[in-house]
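Thanks for coming, everyone. Let me put the model up and walk through a few packing details.

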Amino acid sequence: MNDLHSIPAGTALAPDQSSSWRDWLSVFSVALGAFAFVTTEYLPVGVLPQIADSLGVTDGIAGLMVTVPGVVAALAAPAIMLGAGRMNRRLLLLVLTLLLVASNLVSALAPSLPVMLLGRGLLGVALGGFWAVAIAVAGRLVSESNAARATALIFAGITLATVLGVPFGTFVSTLFSWRMSFAVAAGLALLALIAQGLTLPSLPSREGLQLRALLNFLARKNARRSMLLLALVVAAHFSAYTYIAPFLAREADYSASAITSILLGFGLVGMLANFLMAGGVARHLRLSLGVVVLLMVVAQLALPELRTSSLGVSLAVLAWGVAYGAIPLGVSTWMQLTSPQLPEASSAMLVTMFQVAIASGSLFGGLMVDHHGVASALWLGAGVGVLGLLVLLSFGVGKGPIAEVLQR
């Protein structure tokens with residue numbers, strides 16, 4: 001293996017150095033961690049009715065399992081980036097992954113909702129910190145020429161978890177119980193921890209994110225407006241998607257196995273859309289993002305009207321999956337273009353706003369479910385999505401490069 005045991009911050013291997021098999025194993029270990037984190041974050045969505053029944057709470061209150069880690073992660077992302085300073089990034093990743101193991105174990109054994117939320121809070125701390133450092137680490141594990149591939153590999157772990165996280169929870173719960181879903185997730189996180197411990201080199205950091213850079217980013221009007229766009233679009237998805245399993249079970253009369261199948265289909269078409277639309281998002285970002293958000297809104301509005309038709313519900317859910325498959329790519333690309341000269345600041349605020357959107361979307365969706373029925377969460381999602389489209393239109397509809405607009 002190349003001399004990677006002490007890699008300075010912000011430094012990849014020299015271009016003429018090849019990446020060894022152990023270098024790539026270290027990238028795979030971070031990708032596995034990404035898979036474990038996102039799987040854990042999304043896991044309650046597929047088993048929410050079972051957990052609600054077991055803990056004796058309503059579906060809306062059970063939605064706090066998604067809200068709490070989102071709130072905590074939103075605060076943890078910039079706090080950890082500002083506070084970690086020169087802490088070795090290898091040690092930081094190991095600590096955060098260990099917290100993920102603990103979170104899943106607490107959730108698996110939780111006898112009540114407060115204990116469950118404690119476990120989900122631990123997830124939030126780990127999640128915010130992980131996303132604050134993981135992507136930056138990727139390019140330091142391999143040669144400069146392979147840095148983009150390493151980053152793409154970690155994003156593949158995220159995408160795969162988006163596809164499998166929710167149906168994984170419902171599948172394991174169908175075979176055993178929802179508690180076993182969290183126990184298996186804990187085992188997955190432990191495997192990632194062991195892999196990282198064996199393969200990650202020392203990753204010293206000369207300096208972390210500076211408060212001044214973060215304030216400079218927040219001072220820019222288009223950066224703040226972009227954060228609002230991201231928050232609305234992501235909240236539009238999670239205010240409804242968090243309660244998709246109760247809707248399918250109670251409104252559309254789907255069986256547990258049918259819910260697993262349709263949510264797997266949601267993830268698969270989303271992953272396909274993510275890859276197929278990558279080129280379109282890069283060339284026509286405004287148009288691509290607008291089209292997929294509009295498709296999501298239409299699907300959300302259609303679902304309550306189609307609930308008596310299994311085929312209609314399935315097609316609407318799959319259309320929604322196509323839309324959401326491209327949304328994370330679209331909003332992350334948008335945020336990166338806001339301030340390419342402040343990559344750590346834009347990355348921190350991307351994580352923060354994404355988690356704020358997940359938390360607020362699931363919270364207000366839960367309030368709608370408990371007071372107006374599960375279908376109302378879909379109406380809320382569609383309404384928030386329309387607001388997101390209006391913010392998108394505020395950036396103009398011209399054919400000029402959106403990067404020029406965002407960086408003014």
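Which helix is Thr67 found in? Thr67 sits in helix H3, residues 64–83. Helices here are DSSP runs of H or I of at least four residues, strands are runs of E of at least two, and both are numbered from the N terminus.

Ground rules. This is a predicted model, where local features need pLDDT of at least 70, side-chain atom pairs count only at pLDDT 80 or more, and totals for chains, interfaces and linings use all residues. Residues are numbered from 1 along each chain as its sequence is written, and side-chain values use heavy atoms, with hydrogens and water left out.

The overview. The protein chain has 17 helices and zero strands. Of its 408 residues, 57% count as buried; that means under 20% relative accessible area, with exposed over 50% and partly exposed in between, using a 1.4 Å probe on protein chains only. Now contacts, meaning heavy atoms within 4.5 Å. Among those between residues at least 6 apart in sequence, 84% join residues at least 24 apart.

Back to Thr67. Is Thr67 buried or exposed? Thr67 is buried, at a relative accessible area of 6%. A polar atom of its side chain lies 3.2 Å from the backbone nitrogen of Leu363. Setting aside neighbours within four places in sequence, Thr67 is in contact with Ala359, Ser362 and Leu363.

Next, helix packing. Two packed helices are described by the angle between their axes and the distance between the axes. Axes are lines fitted to C-alpha atoms, for helices over the stretch in contact, and angles run from 0 to 180 degrees between N-to-C directions.

Take H9, residues 221–241, against H14, residues 310–338. The angle is about 160 degrees, and the axes are 10 Å apart. That makes H9 roughly antiparallel to H14; the cut-off is over 145 degrees, while under 35 is roughly parallel, 65 to 115 roughly perpendicular and the rest oblique. From H9, residues including Leu229, Val233 and His237 meet H14 residues, among them Trp320, Tyr324 and Trp334. The contact residues divide into 13 nonpolar, three polar and no charged.

Now H9 against H13, residues 285–305. Here the angle is about 30 degrees, with axes 11 Å apart. H9 and H13 are therefore roughly parallel to each other. Leu229, Val233, Ala236, His237 and Ala240 in H9 meet Leu289, Val293, Met296 and Gln300 in H13. Nonpolar means Ala, Val, Leu, Ile, Met, Phe, Trp, Tyr, Cys and Pro; charged means Asp, Glu, Lys and Arg; the others, Gly among them, are polar.

Key: A polar contact is a pair of N or O atoms within 3.5 Å; within protein, one must be able to donate a hydrogen and the other to accept it, and residues adjacent in sequence count only if both atoms are side-chain atoms.
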